[in-house]
Amino acid sequence: MKTFPALMKHRKVEENLFPWIELVNDEILDLKKQTYYVAGCRNSAISARTDLYDLLVNIPAREITVAPHAKESLTMTKTHKEIALFMVQLCENQSCTESQIISEINEKTKDLLNQLTSLATTETPDGKKMVSVQAFKEKDLPQAVESFLINLAIAENLFML
């Protein structure tokens with residue numbers, strides 16, 4: 001859990017990182033106040049609480065579960081598969097150090113965000129460039145890729161209706 005900030009240097013995730021939760025009411029209320037969060041939990045009952053996650057990574061079972069409400073927005077695309085393959089190849093490379101792996105993942109993230117911001121054609125009143133629905137429509141992307149990019153733009157606060 002503590003590696004997430006290193007893998008997402010472009011974002012301050014520390015305030016949304018909950019390394020250990022026990023599924024007690026106070027902690028659940030704290031989670032639900034967040035717009036997004038990354039939480040760790042050792043209680044297997046979490047898998048039944050689909051209201052608490054979009055994506056559940058069960059490390060001991062080596063399983064990833066997508067909650068029913070998030071299936072459409074988390075559809076795997078060619079881009080996802082390429083990124084996953086890239087990460088697996090990095091981890092399998094015995095000559096790569098942990099810091100090199102982190103650096104490579106951050107570079108890949110920057111590349112993806114640069115591609116996204118290159119689509120930004122709309123400006124806010126304060127001059128910030130944003131990506132609009134129209135920019136995606138003009139690219140005539142497959143629906144799953146378009147959804148992924150729109151969700152990424154929303155997550156990165158780069159999306160304007």
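Analyst: Buried means under 20% relative accessible area, exposed means over 50%, and partly exposed lies in between. The model discussed here is predicted.

User: Is Cys96 buried, partly exposed or exposed?

Analyst: Take the computed value for Cys96, 21% relative accessibility. Buried needs a value under 20%, and exposed needs one over 50%. Cys96 therefore counts as partly exposed.

User: How many disulfides are there?

Analyst: A disulfide needs two cysteine sulfur atoms within 2.5 Å. For Cys91, the nearest cysteine sulfur is that of Cys96, 8.7 Å away. Cys96 is in no disulfide either. The count of disulfides comes to 0.

User: Is Cys91 buried or exposed?

Analyst: The cut-off for exposed is over 50%. Cys91 has a relative accessible area of 53%, so Cys91 is exposed.

User: How far apart are the end C-alpha atoms of H6?

Analyst: H6 has 13 residues. At 1.5 Å a residue, H6 should span 18 Å. The distance between its end C-alpha atoms agrees, at 18 Å.

User: What covers the buried residues of H6?

Analyst: The buried residues of H6 are Val145, Glu146, Ser147, Phe148, Leu149, Ile150, Leu152 and Ala153. Their cover includes helix H3 (78-92), H4, H5 and strand S7 (159-160).

User: Which residues does Thr77 touch, not counting those up to four places away in sequence?

Analyst: Thr77 sits in the loop between strand S4 (63-66) and H3. Its relative accessible area is 5%, so Thr77 is buried. Thr77 touches Ala144, Val145 and Phe148.

User: Which helix supplies the largest share of the lining of the second largest pocket?

Analyst: About 240 Å³ of space lies in this pocket. Its lining includes Thr79, Lys108, Leu116 and Phe148. H3, H4 and H6 each supply at least two lining residues. The largest share, 5 residues, comes from H4.

User: Where does Leu23 lie?

Analyst: Most residues other than glycine have a negative phi. Leu23 is not a glycine, yet its phi is positive, about 65 degrees. Leu23 is buried, because its relative accessible area is 18%. Leu23 lies in the loop between strand S1 (17-21) and helix H2 (25-32).

User: Is Asp140 buried or exposed?

Analyst: Asp140 also has a positive phi, of about 50 degrees. Its place is in the loop between H5 and H6. At 68% relative accessibility, Asp140 counts as exposed.

Key. Residues numbered from 1 in each chain as written. Predicted model: local features only at pLDDT ≥ 70, side-chain atom pairs only at ≥ 80, totals over all residues. Heavy atoms only, no water. Buried < 20%, exposed > 50% of the residue type's maximum accessible area, 1.4 Å probe, protein only. Helix = DSSP H or I, 4+ residues; strand = E, 2+ residues; numbered from the N terminus. Expected span 1.5 Å × (residues − 1). Contact = heavy atoms within 4.5 Å. 1 Å grid on protein atoms, 1.4 Å probe; cavity = no way out; pocket = protein on both sides within 12 Å on 5 of 7 lines; lining within 4 Å. Points joined across faces, edges and corners; volume = space filled by probe spheres on them.
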